[in-house]
Amino acid sequence: MTAESRLVPEDLIQAVILREDDAPAGPVPAMPGIARATADEAVEIARKASALGLPALALFPQTGPEHRSAEAQLALDPGNLMCRAARAIKAEAPGIGLIADVALDPYTDHGHDGLLREGVILNDETVELLTRQALVLAEAGYDVLAPSDMMDGRIAAIRTALDEGGYADRLILSYAVKYASRFYGPYRDAIGSRGVLQGDKRTYQMDPRNAEEGLREVALDVAEGADMVMVKPGLPYLDMVARVKDGFGVPTVAFQVSGEYAMLACAAEAGAFDFEAAGLEALACFRRAGADAIVSYYAIRAAEWLSDPAR
Ligand code: PBG
């Protein structure tokens, strides 16, 4: 009766890492309980998520080194894994929203989110590519385009391109407050970037010591047309979730990233606590901080726990 916030399945977005049918099926290193999904498996995940009341899935592709290139050509291919999965899900389970990561890191042979020339990320050339990538993803059926690259000016460019391309109805979820974080470690394994990434992403992702900078990024992205903003990672950055929600009043999404999942799952495996109880506590804290939705690797499991009257 006195609880100030609630956690319900409608708050949860399931993160799904896609793999090609012929890629090995095993678990993602350091993420016990998480496997990559083929396009067919993603359809099953979509059906399950939809039945539980989840509003959306956030999809990410694993790409082998042989399909990566300096110019990230595969990002613009309407037949790529992200596009095939979206078409299959929209055909079989149209009730669920689909969120696409817009960034080049699954497709570049150097693992960066942008084009790299002589050790420097090319902002404007990357924005041009991201804009075309967003259009390809919109065409495939994604409802929400979520640029996670942190280039400057990409929200305005993508918004304009979507509007002019006949996709005025698509939403932009901007990764506005995205830190250069070690907590992305398992994800880079999951999408095939580990060992590929040259250097780090600190010239375009944020310094974990900064807060004001994040608020400036949100102001810019909202002015450029973002419908929703993301704070990422989640738990170590809950202050930013609260400040963004309080300061801007825009739909605020938090990403409980791969390393956070690893911490919870590995600690539970070591007997530190029960995964279900700790996992639900962590998700409830996102809601307390003000998150409207949470992207999580165990969103479906959490929705099952929340929906089970026996618990
Ligand atoms: C990059 C991207 C990253 C994640 C989602 N999109 C990692 C990075 O910036 O290197 C991380 C997600 C996670 O750790 O769960 N486009």
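Leaving aside its neighbours within four places in sequence, which residues is K178 in contact with? In this predicted model, the partners of K178 are S148, M150, Q205, M206 and K232.

K178 has its place in strand β7, which covers residues 171-178. With 25 C-beta neighbours inside 10 Å, where 20 or more are needed, K178 counts as buried.

Now turn to K232, which sits in strand β8, residues 228-232. K232 is buried too, because 24 other C-beta atoms lie within 10 Å of its own. Not counting residues up to four places away in sequence, K232 touches Y175, V177, K178, Y179, F255 and V257.

There is a further link between these two lysines: in an unreviewed UniProt entry, the annotation "active site" covers K178 and K232.

From here, we can move on to the nonpolar residues. In soluble globular proteins, nonpolar side chains tend to be buried together. The largest nonpolar core in this model has 103 residues, and those with the most contacts inside it are I13, L18, L57, L59, I99 and L145. Helix α3, residues 123-140, supplies the largest share of this core, with eight residues.

Leaving aside neighbours within four places in sequence, L57 is in contact with I13, Q14, V16, I45, A46, A49, I96, L98 and I99. Two names in that list, I13 and I99, are also among the residues with the most contacts inside the core.

Definitions and conventions. Residues numbered from 1 in each chain as written. Predicted model: local features only at pLDDT ≥ 70, side-chain atom pairs only at ≥ 80, totals over all residues. Core = buried A, V, L, I, M, F, W, Y, C linked by C-beta atoms within 7 Å. Buried ≥ 20, exposed ≤ 12 C-beta atoms within 10 Å, placed from the backbone. Helix = DSSP H or I, 4+ residues; strand = E, 2+ residues; numbered from the N terminus. Contact = placed C-beta atoms within 7 Å. UniProt positions renumbered as here; feature names shortened; annotations may be inferred.
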